[in-house]
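Thank you all for making the time this morning.

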Amino acid sequence: MSHTTHDGGVAKSAIPPPDEGLTAAQLAAKYGLAVSGARPSLAEYVRRLWGRRHFILAFSQAKLTAQYSQAKLGQLWQVATPLLNAAVYYFIFGVILHASRGLSQDVYIPFLVTGVFVFTFTQSSVMSGVRAISGNLGLVRALHFPRASLPISFSLQQLQQLLFSMIVMFVVAIGFGSYPSPAWLLIVPVLLLQFLFNTGLALIVARMGAKTPDLAQLMPFILRTWMYTSGVMFSISKMMEGRSEIAVRLLQVNPAAVYMDLMRYALIDGYGAANLPPHVWAIALFWAVLVFAGGFVYFWQAEERYGRG
């Protein structure tokens, strides 16, 4: 634009920029810009996560290999650690406190070893999950990938560790008279359901731990309390004989107790269906689907906030 001045000259006025007055959102829309690291839709998030499946598997295997790389016995500790825990618990609860009430020694020892190994699977998944984001901030801030890859990968690592440990479980079961039978095939769906449950739990604590790192210090106390109320060292039905049926059922439907008892039922000949709560498979499926689906959505809702602040 131009106009004539009082001395006959021509002056040009400033032309307003074409974007003047537009908000940041309007500018982004005008030029096709998107927020960096924005949370995608749930379907798109699942698609991207599937695309990272090779990374998830490789990361879990690398973590498993590195876990005992500094120890002289190396990967043997994968089996030795839960076995030593079972030995300590047997001495305290089996020998000193006689927690084997109602179970013969041929049943109690594989019962205890199975309980320790299966609960350790859940315990380790939760402890790994709570540090999945806060303990890998360098990776989270440097690379763009679905953050759920980390807690899922840590749960997968613990599953692989349990598979190693199960060699000892089988040896102990056979050593005390429980030989392989078609019932052992039930171990597969039990492991699958427990893995889904553990992964959902790891996703939940991963989001909580990302915001509150101190949760990692509190978690061992919570897990220890959970272990003592889940029937790892004693049979809930035997120990609670004569008590309120509601109290017995509440302890038995605890997800940790459900997966342990199903594994014992599949593996140990002398541990029959009378030790299981009614509809135990439906309960196991309910916990797996509820916690996995709920945990996944809960974690996804904070996707754009991980590694910031």
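Let me begin with F197, which is buried at a relative accessible area of 3%, where buried means under 20%, exposed over 50% and partly exposed in between, with a 1.4 Å probe and protein chains only. Before I go further, please keep in mind that this is a predicted model, in which local features need pLDDT of at least 70 and side-chain atom pairs count only at pLDDT 80 or more, while totals for chains, interfaces and linings use all residues. Residues are numbered from 1 along each chain as its sequence is written, and side-chain values use heavy atoms, with hydrogens and water left out.

As for confidence, pLDDT is the predictor's own score for each residue, from 0 to 100, and the protein has a mean of 86, with 92% of its residues reaching 70 or more. The lowest mean, 52, belongs to strand β1 (residues 2–4), and the highest, 97, to helix α13 (residues 280–300); helices (H or I, at least four residues) and strands (E, at least two) are DSSP runs numbered from the N terminus. Where pLDDT is low, the predicted coordinates should not be read in detail.

Now to the rings themselves. The structure holds 13 aromatic pairs, a pair being rings of Phe, Tyr or Trp (its six-membered ring) with centres within 6.5 Å, called stacked if the planes are under 30 degrees apart, edge-to-face if over 60, and tilted otherwise. In one of them, Y90 and Y108 have ring centres 6.3 Å apart and planes at 40°, so this pair is tilted. Y90 lies in helix α4 (residues 77–96) and Y108 in helix α5 (residues 105–130), 18 residues apart, so that the pair links distant parts of the chain. Which of these two tyrosines is buried, and which is partly exposed? Y108 is buried at 0% relative accessibility, whereas Y90, at 26%, is partly exposed.

Coming back to F197, its ring and that of Y259 have centres 5.7 Å apart and planes at 50°, so they too are tilted. F197 in helix α8 (residues 187–211) and Y259 in helix α12 (residues 255–267) are 62 residues apart, and Y259 is buried, with a relative accessible area of 1%.

Finally, F55, F59, F145 and F154 form one aromatic cluster, and R147 lies over the face of F145, 4.8 Å from the ring centre. For such a placement, NZ of Lys or CZ of Arg must be within 6 Å of the ring centre and within 35 degrees of the ring normal.
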